Amino acid sequence: MVTALVSVDSRRAWRIAAQVPDPEMPMLTLADLGVLRGVEIGADGTVVASLTPTYSGCPAMAEMRAEVAARLRDAGFAKVEIRTVLDPPWSTDWITPEGRRNLSEHGIAPPGAAPSGPIKLTLSPTRRTVPCPRCGSADTEETSHFAATSCKALWRCRVCREPFEYVKEI
Amino acid sequence: MSDDHVYLSLAEGHDDSDARWAFGTGFEDPLHGVDQTVPEGTDSAQLAAFCLALGDDALVSAQRLAQWCTAAPELEEEVALANIGLDLLGQTRLLYARAGQVDGTGRGEDAYAYFRDADDFRNVRLAELPNGDFAFSITRLLVLSSWRLALFERLATTASDPVLAAIAAKGAKELAYHRQYAAEWVVRLGDGTEESQRRTRDALAAIAPYVDELFADDGELRTEVLAVLRQVTDAAGLVLPEVAPVPGHGRDGDRTEHLAPLLAELQSVARAHPEATW
Ligand SMILES: [Zn+2]
């Protein structure tokens, strides 16, 4: 009986933490982004939420930790602990299908498959196709490797002429 | 919201642990809630010194990159250099936090960044050289990111400390983007106009004496990094000259005259207001 209650509670705690929006891409929840690695309730009732940072320098990490803790406390969980998980490192492969849909709908191109293993330097122009999130055309080009946040690059569409952001595979 | 002062009003109703408005609280610790145990058989003092040196490389590099803000040739490059600096600053924070956990002092990241003098820094000297022109900064970025990437890829699988291994695994992904960006620019500059080629050749000549200290006695690392650099310089129609290294070693505390002024600027606010939080 106690076990059943704990499990109901931990599912509820997960749902609450999962719904916290990402501070920089608010169309994504922390669960969509893949940074919420787990929510567990310990024997003493402490809720432990595990978060992983996207980039080492992600300035939103403190905000995420604080928001998850605040929402769990507001939902009646008296003891909340946030843990940082560094291993394995976050990958854009963890962005959920739902998250990818939400990115597209907001004009941000979702990432392709992340590279695995040691990364080789390629100097030939890469022919990666990033379809335009607005018109779907594959006739697009990169204008900058880096954009307003570490996780995105700047692209533009040659057909509808719109610039757009693209979440880089990592 | 009883107070007219907007900052005071915002701060109301948030206890310290919320950290949303009051930075400098626990949630700001980049290793918040990470298991701190140092594995048995790992020398804590050595591990701390190594984390500190890798953190120093990244902090000094990040500060140099930040100096390009409002001065880069194009907005896109300014954004790129700032982003790369931010990644490195993030790596610095993780490494300093780890150093503070294992060196027994319990110091936080700010103690290392703001309250050590130039003589206490252990970064490689290439990182502290002034920015020069865009060709110098981009060529230095290529050398440093290629080296750091090779080092981090190795640490990710071989570091005896799981925290350092995780920091390296994460950082390697970021460094691959830094190297890619810098490599494409070096090729563009070397393969560009006479002027851009001349400047990039000068940059390589100025950098060459500082390359040796990146490897110390690590021949395997040297071979791996020099192969990547050769791939880029070949494509750019340039050569990294083989020259006698500058005497001394940044890892032993030898400094150029350029680090102290850089740190003076970086540390001025924190030293003027030592207990401030923001
Ligand atoms: Zn389009």
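Of the 278 residues in chain B, 52% are buried, where buried means under 20% relative accessible area, exposed means over 50%, and partly exposed lies in between (1.4 Å probe, protein chains only). The model is predicted, so local features need pLDDT of at least 70 and side-chain atom pairs count only at pLDDT 80 or more, while totals for chains, interfaces and linings use all residues. Residues are numbered from 1 along each chain as its sequence is written, chains are lettered from A and ligands numbered from 1 in the order in which they are written, and side-chain values use heavy atoms, with hydrogens and water left out.

Chain B contains 10 helices and 0 strands; helices (H or I, at least four residues) and strands (E, at least two) are DSSP runs, numbered from the N terminus. Among the contacts in chain B with a separation of 6 or more, 77% join residues 24 or more positions apart, a contact being heavy atoms within 4.5 Å.

B:Phe152 belongs to helix 5 (residues 134–158) of chain B and is buried, at 1% relative accessibility. Apart from neighbours within four places in sequence, B:Phe152 touches B:Leu54, B:Gln91, B:Ile167, B:Ala168, B:Gly171, B:Ala172 and B:Leu175.

B:His249 lies in the loop between helix 9 (219–236) and helix 10 (259–272) of chain B. With 16% relative accessibility, B:His249 also counts as buried. Its side chain reaches the backbone oxygen of B:Glu213 at 3.0 Å, and a polar atom of that side chain lies 3.0 Å from the backbone nitrogen of B:Arg251. Beyond neighbours within four places in sequence, the contacts of B:His249 are B:Arg125, B:Glu213, B:Ala216 and B:Asp254.

## Backbone features in loops

B:Ala216 is in the loop between helix 8 (212–215) and helix 9 of chain B, and is partly exposed at 43% relative accessibility.

In chain A, the peptide bond from A:Asp87 to A:Pro88 is cis, with omega near -5 degrees. A:Pro88 is part of the loop between strand 3 (80–84) and helix 4 (97–105) of chain A.

## The zinc site of chain A

The SG atoms of A:Cys132, A:Cys135, A:Cys157 and A:Cys160 coordinate the zinc ion at 2.3 Å. Donors are N, O and S atoms within 2.8 Å of the metal (3.2 Å for Na, K and Ca); water is not among the atoms, so sites may look incomplete. The angles among the 4 donor atoms are 104 to 118 degrees, and the site is tetrahedral, a label given to four donors if all angles lie between 85 and 135 degrees. The donor residues follow the spacing C-x2-C-x21-C-x2-C in sequence. A:Cys132 is buried, with a relative accessible area of 4%, whereas A:Cys135 is partly exposed at 40%.

## The domains of chain A

Chain A is assigned domain 1 (2–90) and domain 2 (107–167), with bounds that come from an automatic or database domain assignment. Their contact takes 4 residues from domain 1 of chain A and 6 residues from domain 2 of chain A.

Technical notes: Tetrahedral: all angles 85-135°; square planar, octahedral: opposite > 155°, others 65-115°. Polar contact = N/O pair within 3.5 Å; in protein donor to acceptor, adjacent residues only side chain to side chain.
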